[in-house]
Amino acid sequence: MQNGIRVITAMNRKGGCGKTTLIMGLASAAAERGESVTIFDTDESRSSWKWMERAKAQGHWNDLVRVIPTLSASQVIEEISAIFAQPDQEHLILVDTFGGGSEAQDHLALISHLLIAPCMLSANNYEESLETGLWYVRLKSRVEDPTELPPFRVLLNRVPLSRSAAEHEIYEKVIRNMPVLGEVVMNRAMYTRLDCQGLLGEIRKSTKNPGVANHLGTALQEMDEVLAELDRTIREEE
Ligand SMILES: Nc1ncnc2c1ncn2[C@@H]1O[C@H](COP(=O)(O)OP(=O)(O)OP(=O)(O)O)[C@@H](O)[C@H]1O
Ligand SMILES: [Mg+2]
């Protein structure tokens with residue numbers, strides 16, 4: 001399947017909802033497919049950049065993936081134009097933000113093909129994701145041509161295998177009130193490993209423990225399925 005060049009931006013006003021984890025997971029899945037990946041780290045804390053440094057130090061990196069730390073939206077736009085100027089290719093461009101759903105990030109939204117708000121099953125995550133959705137609706141009314149705006153989707157994240165009644169209630173509310181993706185990301189210890197050690201596929205290659213390798217494969221597969229749904233969503237919009 002040819003997906004070409006696409007720009008996916010993780011945005012949610014809620015801190016700690018899993019934006020960077022999603023970027024790291026999608027980069028892992030795309031690299032595993034043999035695609036080029038460019039991550040723009042627009043977070044002042046440079047979490048994606050630091051992740052790459054940690055991964056490289058442990059030999060868990062793949063040169064298909066590069067991270068560009070920048071706080072300048074115009075630099076992001078320039079670099080993306082340079083990628084589009086290259087011949088036809090499979091290239092996943094990921095933008096990690098520090099929050100989003102603020103006017104400061106409007107221009108990042110406008111250069112994206114898809115906006116994803118990860119949302120964990122807590123009341124705060126729910127409220128802030130709703131707020132982020134409202135920012136999107138307001139942005140639609142501000143821009144000259146609303147059809148230029150990419151779709152906005154919520155991705156349920158850190159979903160536990162068995163949900164408490166409160167978590168279930170939030171789950172239902174998200175599905176009822178927000179444009180939610182069908183795929184969800186489960187609560188997995190392997191995503192902590194991803195953060196500490198590097199790309200999922202590269203960690204798997206070097207791990208000797210078959211049980212761990214199996215769990216890493218499951219996480220990689222989950223991210224591949226999420227990426228496939230994101231690509232479908234982008235295609236359907238075009
Ligand atoms: N699906 C998951 N399973 C297990 N742990 C997760 C999952 N998603 C995120 N986490 C953990 O939750 C914490 C916060 O995630 P992350 O840093 O990705 O959020 P963020 O939205 O990028 O935060 P910030 O707004 O500070 O940039 C991290 O410790 C991460 O490992
Ligand atoms: Mg982050």
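**A tour around ligand 1**

Start by selecting R188: one of its backbone N or O atoms lies 3.1 Å from a nitrogen atom of ligand 1, inside the cut-off for a polar contact (N or O atoms within 3.5 Å). Taken alone, ligand 1 exposes 630 Å², and the protein buries 78% of that (accessible areas by the Shrake-Rupley method, 1.4 Å probe).

Before you click on: this is a predicted model, where local features need pLDDT of at least 70 and side-chain atom pairs count only at pLDDT 80 or more. Residues are numbered from 1 along each chain, and ligands from 1 in the order written.

Next, pick N187, where a polar side-chain atom lies 3.4 Å from a nitrogen atom of ligand 1. Then hop to G16, which has a backbone N or O atom 2.9 Å from an oxygen atom of the ligand.

Last stop: helix α9, residues 210-237. Its 28 residues should span 40 Å at 1.5 Å a residue, and the end C-alpha atoms are 41 Å apart, so the two agree; the expected span is 1.5 Å times one less than the number of residues. Zoom in on the start of α9, and a side-chain oxygen of N209 reaches to within 2.8 Å of the backbone nitrogen of G211.

Methods: Heavy atoms only, no water. Polar contact = N/O pair within 3.5 Å; in protein donor to acceptor, adjacent residues only side chain to side chain. Helix = DSSP H or I, 4+ residues; strand = E, 2+ residues; numbered from the N terminus.
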